[in-house]
Amino acid sequence: KKVSAERNITYTFTETGISFLTLIVTDTVTGLEYGQRFQVNVANTFLKGWLLLSENDGSSSISYIDGRTFEASENIYAKLFPEDPLGGQPVRLRESCIAKSDQITVIQNGGSVTLDGSTFRKVAALSQEFIGGEYPSEQGGFKVSDVIYTHRGPDMVLSEGGLLYDRVNEKGLTSSSAKFQSSMFSTEPFIHISGDYRITRFTYPGANSYYQLMFDDKHKRWIAYYLTNMIPSNIPIFGKGYDDDAVFDWCNGMDQSVELIYAQTHDESSRNQGLVNIFRNGAKYYYNDASMSLNTTNYKVTVNSSLQREFASAYPLDNESVYLLPRKNSSFDSNQHLFFSIGRKLYFYHAATDTYYLYRDFSAGEDSPAGNIIDIEENDTGRQMGVATTDGHIFICDIDIKKLNGIRQANIDPSDNDNGLVLAHIKTKSGRIIDLIYKFGTAKEIQK
């Protein structure tokens with residue numbers, strides 16, 4: 001096809017790879033044409049960085065922020081594919097990676113879709129990845145709540161009804177021969193050995209672990225899915241290896257009044273990992289940190305220890321508060337810093353000393369956001385954090401352990417807007433922010 005007839009060519013490629021072009025010059029006197037053939041190697045400029053999901057008048061949009069330069073490409077999908085709308089009623093973003101590439105799933109009540117992570121071109125509607133090409137039937141109707149892509153083979157779709165629908169890929173995603181969509185999601189819910197369940201939360205699915213943690217809100221307990229690219233073995237109800245009645249028992253089930261607000265794993269290995277929970281019971285919040293191990297002979301998980309204390313009693317946490325436990329940087333292993341938001345203020349909790357610190361008040365200074373913090377996510381190194389507000393502001397922040405120690409030791413004043421903690425401030429115009437993720441680009445990066 002004809003690319004341009006202008007002297008200075010501007011053209012946007014929508015796919016990576018090698019393209020062959022021919023430059024044709026016409027002699028205006030004789031009318032003769034001369035051609036020169038050449039090739040252009042189009043590389044992926046969207047490999048690693050921040051992905052932002054926004055909503056404007058019900059329509060979804062995606063923006064990309066380069067992880068190195070912090071340069072923003074707003075509404076990138078619409079610019080590349082103006083004739084094929086992304087969809088509407090956005091919920092969240094999820095990433096799936098293999099050895100050299102990735103895919104992005106846009107969960108939308110208006111129709112979830114999977115995109116090529118290099119080009120953002122649509123790969124398939126999520127419904128087409130189920131056996132028969134349609135979503136399962138559920139009482140009250142089927143809606144996608146979440147999707148998780150693990151690195152050892154299984155993927156899972158979570159419905160709003162709390163049921164899991166899984167598939168087991170032919171290869172673990174870190175395998176050099178792994179392929180996307182190598183199997184289809186089942187239309188029958190996953191059956192857990194303990195009986196019925198209602199899943200509401202997962203921990204980080206890319207960790208180097210043999211088991212994926214899932215919170216069963218119906219019975220107020222954690223259960224697990226064994227990760228293998230063969231038929232998965234069932235992991236029974238967790239065993240308690242400690243005796244402390246003052247700690248919430250999320251192995252056998254907590255009281256129905258207890259709510260799980262946030263959870264994340266840390267210090268993961270194939271069999272062992274730690275788990276931090278934030279629980280709420282009435283008006284009080286609780287920090288809970290436990291260690292657990294998997295016996296690969298009988299597939300039993302034992303919770304070896306569980307520490308619990310009241311959390312942030314002097315801070316007005318509410319339903320809009322968001323949390324982040326950085327786990328990509330080994331400096332945080334056994335030295336946890338748990339970030340949490342209140343309105344436009346961001347704090348962190350230093351678990352080892354049971355102390356709290358202001359990280360930054362984003363309402364202070366020029367060009368400050370009017371909206372509250374809606375999401376916080378770490379990057380691939382765990383040394384930077386993206387902070388998103390509802391009205392389109394993105395702050396890329398430095399969370400290197402030296403900076404946090406500087407705040408703790410009063411060498412850095414968090415109220416000083418020129419303290420170097422904010423590396424970039426991007427103001428987007430794509431609508432109300434719904435979700436923020438870090439795009440890792442490859443399985444090697446997401447598995448850390």
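Let's start with Lys218, which touches Asp196, Tyr197, Arg198 and Gln256, leaving aside residues up to four places away in sequence; contact means heavy atoms within 4.5 Å. This is a predicted model, where local features need pLDDT of at least 70, side-chain atom pairs count only at pLDDT 80 or more, and totals for chains, interfaces and linings use all residues. Residues are numbered from 1 along each chain as its sequence is written, and side-chain values use heavy atoms, with hydrogens and water left out.

**Around Lys218**
- Lys218 sits in the loop between β14 (211-216) and β15 (221-226); strands (E, at least two residues) are DSSP runs, numbered from the N terminus.
- Lys218 counts as partly exposed because its relative accessibility is 35%; buried means under 20% relative accessible area, exposed over 50%, and partly exposed in between (1.4 Å probe, protein chains only).
- From C-alpha to C-alpha, Lys218 and Val258 are 11 Å apart in space, and 40 residues apart in sequence.

**A nonpolar patch**
- Leu23, Val25, Leu32, Tyr34 and Phe38 make a nonpolar surface patch of about 480 Å².
- Patches are made of residues with over 30% relative accessible area and no salt bridge, with nonpolar side chains (Val, Leu, Ile, Met, Phe, Trp, Tyr) joined within 5 Å and like charges within 9 Å.
- A salt bridge is a side-chain nitrogen of Lys or Arg within 4 Å of a carboxyl oxygen of Asp or Glu.
- At least two residues of the nonpolar patch come from each of β1 (17-26) and β2 (33-42).
- Val25 belongs to strand β1, and its 45% relative accessibility makes Val25 partly exposed.

- Val113 has Ala125 as its bridge partner in β9.
- Five residues lie between the strands of this hairpin, where Phe120 takes a positive phi near 65°.

Terms used
Areas by Shrake-Rupley, 256 points an atom, 1.4 Å probe, with all protein chains shown as cover. Helix = DSSP H or I, 4+ residues; strand = E, 2+ residues; numbered from the N terminus. Pairing = 2+ DSSP bridges.
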